[in-house]
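Here are some notes for a colleague who has not looked at this structure before. They go from the whole chain to the pairing of the copies and then to single residues.

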2 protein chains.
Amino acid sequence: MTYLTFLNDRASVRTFDPNYEISDKEIQEMIQSAANAPSSNNFQPWKIIAVKHKEKQDVLRTFAYGQKQVKDASVVFIIFGDKTLYDADKLMDFNIERGTLTEADRSYKMTRVSTYLNLHPEDIGIEGLKFDSGLFSMNLMHVVRAFGYDSVPMIGVDFDKIKTYLDIPANYQAMLLLPVGKALKPGYPHVRYHLDEFFTLIK
Amino acid sequence: MTYLTFLNDRASVRTFDPNYEISDKEIQEMIQSAANAPSSNNFQPWKIIAVKHKEKQDVLRTFAYGQKQVKDASVVFIIFGDKTLYDADKLMDFNIERGTLTEADRSYKMTRVSTYLNLHPEDIGIEGLKFDSGLFSMNLMHVVRAFGYDSVPMIGVDFDKIKTYLDIPANYQAMLLLPVGKALKPGYPHVRYHLDEFFTLIK
């Protein structure tokens, strides 16, 4: 299978093997890989919760229109954005620690990032979180398939109740619920607008 | 190369072969594949402009801090969100035309989507556009690599000037500038927080 076919074959899967277990190690590897997504200034403003517990998944299901894939999934990821991670000082510390920034360059780089953020305050508010979380989420959906699993992205769920139930910190802003498991049935074929409706080539 | 390696190897490339041409056909295929990204209710609220014209790219470069990858790229994609595409009637028409919805089910489905949107108005405003555009953009970055190319995502550019210069409709909300081309140098290695800083497993 070519890489393009691999990418194009991602589809929302709604029927998972309820008895299939995904190891903690694989779950961790999937999340670490998904975090290779780019983000504004490499702020990486995401927090991820994974629920791998059938009784808890059964409760989560009640906050998600009762959809059975939430319980049948081997693991349910919840992707959050966290504005507190749009912190230029923390980013500088991190880069110095990793050797990608020197102390000598810190002040220059800090000024550059701060100037940018003053010009684009929306990029470190909810709009920035939504875009960066979208990048992370799409990457995660492909990564889970590279491990042989599938997923179904869900946004229309009761995130307030989910946050209360799982005791999630207030600074975590919910973006997506993503049940992941071993597919028993393939997803539906893609139904998309033709290129002519949304694309213009200027040459 | 495994699929996981393929995904993990995506990195921002800043040095493109300025003489490499990507055919119109490949550009179109890349965009049609990228549109297989999921979106809220499958609204597909994106519009894409591709600029494949060296003089125009040289002007775009002046709106992007003079960064040379904008000119050297074989094509520059601009990803927009378009709120007018959050239109439940249009979505129903589209699904009926494609045979994924029957006239008999239209009213039921319309009520379901409308109820959802009334509960989640943010999903059809700028927040929804940002998230859905993030999904599309990440998918596009992987798709271009499946074609043997690379990209560099840029958000801190002067989109107002770009829109004026290219005479872009007002309902197109700019999300990302994405120069794409044949890499002459690989991107930098990923520098990311360790899992422990952003991930919690509940089991």
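1. Helices, of at least four residues, and strands, of at least two, are DSSP runs numbered from the N terminus. With that convention, the order of elements in chain A, starting at the N terminus, is α-α-β-α-α-β-α-α-α-β-α-β-β. This comes to 8 helices and 5 strands. Please keep in mind that the model is predicted.

2. On overall dimensions, a box of roughly 55 × 50 × 30 Å along the principal axes holds the C-alpha atoms of chain A. The chain has 203 residues, and 55% of them count as buried. Among contacts in chain A with a separation of 6 or more, 80% are between residues 24 or more positions apart.

3. How are the two copies related? In general, a rotation about an axis and a shift along it relate two copies of a chain. Here chain A is superposed on chain B by a rotation of 180° with 0.0 Å of shift along the axis, and the RMSD is 0.0 Å. That is the relation of a two-fold axis. Both copies use the same surface, since 100% of the contact residues of chain A recur in chain B.

4. Helix α7 (residues 126-146) of chain A packs against helix α7 (residues 126-146) of chain B: their axes come within 7 Å and cross at roughly 40°. Angles under 35 degrees would count as roughly parallel; α7(A) and α7(B) are therefore oblique to each other. Their crossing is right-handed. On the α7(A) side, the contact includes A:Ile126, A:Phe131, A:Leu135, A:Met138 and A:His142. On the α7(B) side, B:Ile126, B:Phe131, B:Leu135, B:Met138 and B:His142 are among the residues met. By class, this contact of α7(A) with α7(B) has 10 nonpolar, 10 polar and 4 charged residues.

5. What else does α7(A) pack against? Helix α2 (residues 24-34) of chain A lies with its axis 8 Å from that of α7(A), at an angle of about 135°. That makes α2(A) oblique to α7(A). The crossing of α2(A) and α7(A) is right-handed. From α2(A) come A:Met30, A:Ile31, A:Ser33 and A:Ala34; from α7(A) come A:Phe136, A:Asn139, A:Leu140, A:Val143 and A:Val144. The residues of this contact divide into 7 nonpolar, 2 polar and no charged.

6. For chain B, the axes of helix α2 (residues 24-34) and α7(B) come within 8 Å and cross at roughly 135°. α2(B) is thus oblique to α7(B), and the crossing is right-handed. B:Met30, B:Ile31, B:Ser33 and B:Ala34 of α2(B) make the contact with B:Phe136, B:Asn139, B:Leu140, B:Val143 and B:Val144 of α7(B). The class count for this contact is 7 nonpolar, 2 polar and no charged residues.

7. A:Leu129 is also part of helix α7 of chain A. Is A:Leu129 buried or exposed? It counts as buried, because its relative accessibility is 0%. Apart from neighbours within four places in sequence, A:Leu129 is in contact with A:Pro45, A:Gly81, A:Asp82, A:Lys83, A:Tyr86, A:Gln173 and A:Met175. As for A:Pro186, it is 57 residues from A:Leu129 in sequence and 31 Å away in space, C-alpha to C-alpha.

8. A:Arg106 belongs to helix α6 (residues 103-119) of chain A. With the limit for buried at under 20%, A:Arg106 counts as buried because its relative accessibility is 19%. Leaving out residues up to four places away in sequence, A:Arg106 touches A:Asp89, A:Met92, A:Asp93, A:Ile96 and A:Leu101.

9. A last point on the backbone. A:Asp167, in the loop between α8 (159-166) and β4 (173-181) of chain A, has a phi near 60°, a positive value in a residue other than glycine. At 67% relative accessibility, A:Asp167 is exposed. In chain B, B:Asp167 lies in the loop between α8 (159-166) and β4 (173-181). B:Asp167 has a positive phi of about 60° although it is not a glycine, and it counts as exposed at 69% relative accessibility.

Terms used
Residues are numbered from 1 along each chain as its sequence is written. Chains are lettered from A and ligands numbered from 1 in the order in which they are written. This is a predicted model: local features need pLDDT of at least 70, side-chain atom pairs count only at pLDDT 80 or more; totals for chains, interfaces and linings use all residues. Side-chain values use heavy atoms; hydrogens and water are left out. Buried means under 20% relative accessible area, exposed over 50%, partly exposed in between (1.4 Å probe, protein chains only). Contact means heavy atoms within 4.5 Å. Copies are superposed by least squares on the C-alpha atoms of residues with pLDDT of at least 70 in both. Axes are lines fitted to C-alpha atoms, for helices over the stretch in contact, and angles run from 0 to 180 degrees between N-to-C directions. Angles under 35 degrees count as roughly parallel, over 145 as roughly antiparallel, 65 to 115 as roughly perpendicular and the rest as oblique. A crossing is left-handed if the near helix is turned anticlockwise from the far one by less than a right angle, and right-handed if clockwise. Ala, Val, Leu, Ile, Met, Phe, Trp, Tyr, Cys and Pro count as nonpolar, Asp, Glu, Lys and Arg as charged, and the others, Gly among them, as polar.
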